[in-house]
Structures are given as structure tokens and as C-alpha cells.
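Visitor: Please take one part of this chain and look at it closely. I would like to see how it sits against the rest.

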Amino acid sequence: MAHPLSQFIYCPVCGHRTFVENNTKSKRCTNCGFVYYFNPSAAVACFIRNKEGELLLVRRGKEPVKGTLDLPGGFTDCYETAEEAAFREVREETGLRLERCRYLFSLPNIYLYSGFNVHTMDLFYECYVADFAGAKAADDAAELFILRPEALSPAAFGLESVRKAVAKYKESVSNSLK
């Protein structure tokens, strides 16, 4: 596997073409000494439930894995908490305003963006709205779907971390009903 910074050959501080592998997650400039550690980007994904317990899902309108099912979500912005990102991303992709959300778990992922592997730490939330009235697909969501949690099929989701999260979530929901 290539070093996660293999595409970076120029030092971002001094601009010299002296940016070399330092270890498995960093590069070092032999000219100015700058060391850059490659860490994952934070992203959020939301299981949105209404008062009937149904889930709102989206169909991806853009690559990667365009056309597959997904959870509303996306990257956190600078100076934004993960919870703020969850509220913002859900509003951007569905038009819904969340009443509340609670953190569930995290999973690492590799997200291919414009030919570059972005290593992410995906933070999964369970979010609540009274109903899905007024929801519409927007931003990078091509279509919306409403499903019962027990009808979820992890294989229908295109991103690996989301497939794993859907399986984990479906199992936890079914265990809570026992």
C-alpha cells in the first residue's frame, strides 16, 4: 500500500521538493525540517428517526459510489463540532431541522475524492425529528427513502464504513426489541 502522503512531494511550508517519508503516517522536509502527520478527517453520518421509528436514508447523487444508499452526513467544517456538522449536513441534504442527536460510535473509512484517498473518522449519530414532512433531496443527495430499521440491508450502502455501521445499528435495534 502506498504511503498516505505519496501524492505530496513539495513541502507545504518552504515549497522545496524535499518532502520525504518520515514514518508510516508522516513526511518530513529535509530542507526546513517541517514534519507533517497525516491524520483522518472527521465526518458525520446520521441515522435519522421519526416518532414512528422509521429511518430517512438518501441515495448518493455524486461519486464515490454514486447511486447507492447512504446516511445523510458529510465532512465537518473547521471550527465546527461534530454535532453542529450533523445538524448542518442533515439540513443541507434533506431540509430537515433535527430536534436532537446522540453519538453512537465511530468507524474509520477511506473516501475516494477526486482521485485522492481521504482517510476519515466517521462519527455516527442517531438523530430525531417528529416527522419527515417537507423533507426533500438536496445538495449531494439524489433521492430520499424511508425504511423501517429491520428492513435495512447493509449491502445496499456503497461506503464501507456505512455498511458496517448499518449492520451494527440494525443489530442494536433488533437486540433492543428483545
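**Helix H2 in its setting**

Guide: From the N terminus on, the elements run β-β-β-β-β-β-β-α-β-β-β-α, which comes to two helices and 10 strands. Helices (H or I, at least four residues) and strands (E, at least two) are DSSP runs, numbered from the N terminus. This is a predicted model, in which local features need pLDDT of at least 70 and side-chain atom pairs count only at pLDDT 80 or more, while totals for chains, interfaces and linings use all residues. Residues are numbered from 1 along each chain as its sequence is written, and side-chain values use heavy atoms, with hydrogens and water left out.

Helix H2 covers residues 160-176. At 1.5 Å a residue, its 17 residues should span 24 Å, and the end C-alpha atoms are 25 Å apart, which agrees; the expected span is 1.5 Å times one less than the number of residues.

An α-helix has 3.6 residues a turn, so residues three or four places apart point the same way.

In the chain as a whole, buried residues make up 38% of the 178 residues.

Conventions
Buried < 20%, exposed > 50% of the residue type's maximum accessible area, 1.4 Å probe, protein only.
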